Amino acid sequence: MKHYSVLLKESIEALNLKENGIYVDATLGGGGHSEAILLALRGGHVYGFDQDQYALNTAKNRLKFFKNFTAIDSNFEFIVEKLSELGVDKIDGVVMDLGMSSFQIDDASRGFSYMRDAQLDMRMNQNQTKTAYDIVNHATYEELVYIFEVYGEEDFAKPIAKKIIELRPLKTTFDLVKITDMYKYMSKSHSAKQVFQALRIAVNDELGVLERTLPKLLTILKPEGVLSIITFHSLEDRIVKHFFKTYSEVHIPKGIPMINLPTPPLRLANRKPILPSEAELSENSRSNSAKLRVAIKNEVKR
Ligand SMILES: C[S@@+](CC[C@H](N)C(=O)[O-])C[C@H]1O[C@@H](n2cnc3c(N)ncnc32)[C@H](O)[C@@H]1O
């Protein structure tokens, strides 16, 4: 399947690119967002992070003619350390296009898709040891219910978890789909959609990584630097929205008179998230649930 870069124009325009700026693409994938930035730069540099070897190779190949591009094989959680190793301590902007690349979903062997039978894997980083197999076959009932309810917002979390425990070991994605089919045969979307999302989030600690990374980005962003973040489900979006809200407001305890209000670290570029256009939605169904939020770092006056 063709790989589209979601909200490409909007997320790159939001960066308000400086022609000699230093930018980070935290989720390199096929390299679409990095390429768009590189094409707009005259000098400067783009550092692209990914933890998936296939993504890194694809992007490196696509971007091999750009001398001002560096691919970094790492979880973006380590952005500060990895950039510091390269002598970079301040950047002009970050684009983050969370989630998975279509090639990860399409590669049956990765176990991300409920449409293909494969080992229960779901690791974005192929060097990680914990897989979906470990969670499905070794988590307690309570842990499974938590994962399905919290990360999948799955109404049938309890019966599905109970059945998994009864039938395990489960070996493949289709073993799991057989169970979700038992309870969700009336479901409008695929019976396993939420359970697979939940497991993927758990295997890769996606929400924890995002929560830990956002404050780190603030520390390396230059004043007027931009965070341009695309999310694909409400759990991720809630984390970004909450982070942006917290850091763009000034919290003063009641009763304390203030003449000059302090400047918050961030300001929002838009009050509401930016959504894909009708044209993009009709061309790429994956963009359906995408939301772009943008915030700009304020110069804090002393
Ligand atoms: C939606 S794709 C990015 C597509 C890319 N923007 C493009 O235009 O081709 C998301 C990519 O981010 C990577 N990724 C997700 N979470 C990551 C993390 N915590 N650290 C590093 N890479 C991550 C995935 O491996 C995947 O390749």
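What share of the contacts in the protein with a separation of 6 or more is accounted for by residues 24 or more positions apart? In this predicted model, such residues make up 66% of those contacts, two residues being in contact if their C-beta atoms, placed from the backbone, lie within 7 Å. The model is a prediction in which local features need pLDDT of at least 70 and side-chain atom pairs count only at pLDDT 80 or more, while totals for chains, interfaces and linings use all residues. Residues are numbered from 1 along each chain as its sequence is written.

The protein contains 13 helices and seven strands, taken as DSSP runs numbered from the N terminus (helices: H or I, at least four residues; strands: E, at least two). Its radius of gyration is 21 Å, close to the 19 Å that the globule rule gives for 302 residues, so the protein is as compact as a globular protein of that length. The radius is taken over C-alpha atoms, and the rule is 2.2 Å times the number of residues to the power 0.38.

The domain assignment, which is automatic or from a database, gives domain 1 (8-103 + 206-297) and domain 2 (129-203). The centres of domain 1 and domain 2, taken over C-alpha atoms, are separated by 31 Å.

The ligand is surrounded by 22 residues, the closest being Ser5, Thr27, Gly29, Gly30 and Gly32; a residue is counted if its C-beta atom, placed from the backbone, lies within 6 Å of the molecule. Helix H2 (32-40) and strand S2 (45-50) are the elements that give two or more residues to this shell.
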